[in-house]
Amino acid sequence: MFEIFTRLADWTIADLLTLEPGTKLADAVHFFVEDTTKIFFLLVIVVFVMGLFRTMLSPEKVRGYIEGTSRGIGYVLAVILGAVTPFCSCSSVPLFIGFLEGGIPVGVTMAFLITSPLVNEVAVVILGSIMGWKMTTVYVVTGMSVGILGGILIDRLHMERWVEDYVWKIRMGTIAQSEVDGSMAGRIRYAWGEVKDIVGRIWLYIIIGVGIGSALHGYVPQELFAQYASADNPFAVPVAVLMGLPLYSNATGIIPVAEALIAKGVPIGTVIAFMMSVVGISPPEFIMLRKVLKPQMLIFFGVFLTISFMVVGYLLNVIFA
Amino acid sequence: MKSFKVLGSGCKNCVTTAKLIEEKAAALGVVVDIEKVTDMATILGYGVMSTPGVVLDGTVVHAGGIPKTEKIESWLRS
């Protein structure tokens, strides 16, 4: 089904640019053309289709679904909804306050916020089509587990004391439901708006991601990775996670980088740990969350994620060795 | 005079919403007062979780996205 993108890349090299096949440049260009076209194609389709159903997943509705469930179910529901609800870090603050005001525990709310950037339907489809379903399943399951574990810890350690005090004083009254135009035309208009909005927001991450992937693919020798990033090197996982911390990309943008790393023989655990570190911890989200969380909670949040990503890396490297 | 409040964290859609109301009001010759509210506590206090939201003379009339032109016109004509 995705052969057309490989053929397009073949054609670009052979006929359009007349590059010698097998050279470094040809390899890099092939990777770039195939991945860029495939990712943008899938991105538009998935965002559009999800956009048609999106009205079911507004933050108000999600709050309504989780509100009143028991804690145990709350965590699981929160990470599942976090995975399918798209939201940018700019809406994390109203969402956080809205959840708490609805009586949803801090841990359940944080489970949602941890999972939301890590796992989303667009990334899942693209990951599946590029890296196969095994890798995708592993990624989704570990991402959700980290979210649930983080949420449970936050509640068990009674971290609600590290939520800014003003948050608890906010009373929302009647919740204003978002505007819904349920007609087919309205849904299509909305879905198309989502496509423009999301593509406009993340296209640069994808281009940069594919660019880095192409460069790794074409120019970095496999031996280099074998020497430094193999499972034999006990420092490879922590170094990968620490390198990923200051970097920030959307989950979709990091996939081509991961693809190139896997192809170079970097172990799956190390690659997933790196991916999660890049997408799961982002400076912009931390700055936003500082408005509602005291520094202690932010530090816990950052340290917890860093350690969990390292554990995930080691664990998966052992399981898939 | 109609008093509008546009609720939003300062995202692009919020700026667009305020501009749309301003333009429509000018086109229809209605005098309006538009205030941008960025304080989260105030926004949530109106019960709005999805921004931009629009408040007309103290009542929330819209939430979650840029309002349609017809809707803005109906507010201005009401």
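This is a predicted model: local features need pLDDT of at least 70, side-chain atom pairs count only at pLDDT 80 or more; totals for chains, interfaces and linings use all residues.
Biologist: Now A:Tyr205. Which class does A:Tyr205 fall into, and why?

Modeller: Its relative accessibility is 28%. Buried stops under 20% and exposed starts over 50%, so A:Tyr205, at 28%, counts as partly exposed. You'll find A:Tyr205 in helix 10 of chain A, residues 184-219.

Biologist: How far apart are A:Tyr205 and A:Asn250, in sequence and in space?

Modeller: They are 45 residues apart in sequence, yet 6.4 Å apart in space, C-alpha to C-alpha. A:Asn250 is also one of the contacts of A:Tyr205 beyond four places in sequence, along with A:Tyr248, A:Ser249 and A:Gly253.

Biologist: Which residues of helix 12 of chain A are buried?

Modeller: In helix 12, residues 236-244, they are A:Ala236, A:Val237, A:Pro238, A:Ala240, A:Val241 and A:Gly244. Their cover includes helix 11 (222-228), helix 14 (268-280) and helix 16 (295-319) of chain A.

Biologist: Over to chain B. How do you know that strand 3 and strand 4 of chain B pair?

Modeller: Two strands pair if there are at least two bridges between them. Strand 3 and strand 4 (residues 59-63) of chain B have four bridges, so they pair, and they do it in the antiparallel sense. B:Val54 stands opposite B:His62, and the bridge partner of B:Gly53 in strand 4 is B:Ala63. The two strands form a hairpin with two residues between them, and B:Asp57 in the turn has a positive phi of about 45°.

Biologist: What about strand 1 of chain B, residues 2-7: how many bridges join it to strand 3?

Modeller: Four, and those two strands run antiparallel as well. There B:Leu7 stands opposite B:Gly53.

Biologist: Which way do the residues of strand 3 of chain B point?

Modeller: B:Gly53 and B:Val55 point one way, B:Val54 and B:Leu56 the other, and all are buried.

Biologist: Last one: what makes up the interface between chain A and chain B?

Modeller: 22 residues of chain A are in contact with 16 of chain B. The chains bury about 1,500 Å² between them, 65% of it on carbon and sulfur atoms. There are zero salt bridges, and two residue pairs are in polar contact, both at pLDDT 80 or more. Helix 3 (59-66) and helix 5 (92-101) of chain A each supply at least two residues of the side that touches chain B. Helix 5 gives the largest share, six residues. That side of chain A divides into 12 nonpolar, four polar and six charged residues.

Methods
Residues are numbered from 1 along each chain as its sequence is written. Chains are lettered from A and ligands numbered from 1 in the order in which they are written. Side-chain values use heavy atoms; hydrogens and water are left out. Contact means heavy atoms within 4.5 Å. Buried area is the accessible area (1.4 Å probe) that two parts lose on being put together, summed over both. A salt bridge is a side-chain nitrogen of Lys or Arg within 4 Å of a carboxyl oxygen of Asp or Glu. A polar contact is a pair of N or O atoms within 3.5 Å; within protein, one must be able to donate a hydrogen and the other to accept it, and residues adjacent in sequence count only if both atoms are side-chain atoms. Ala, Val, Leu, Ile, Met, Phe, Trp, Tyr, Cys and Pro count as nonpolar, Asp, Glu, Lys and Arg as charged, and the others, Gly among them, as polar. Buried means under 20% relative accessible area, exposed over 50%, partly exposed in between (1.4 Å probe, protein chains only).
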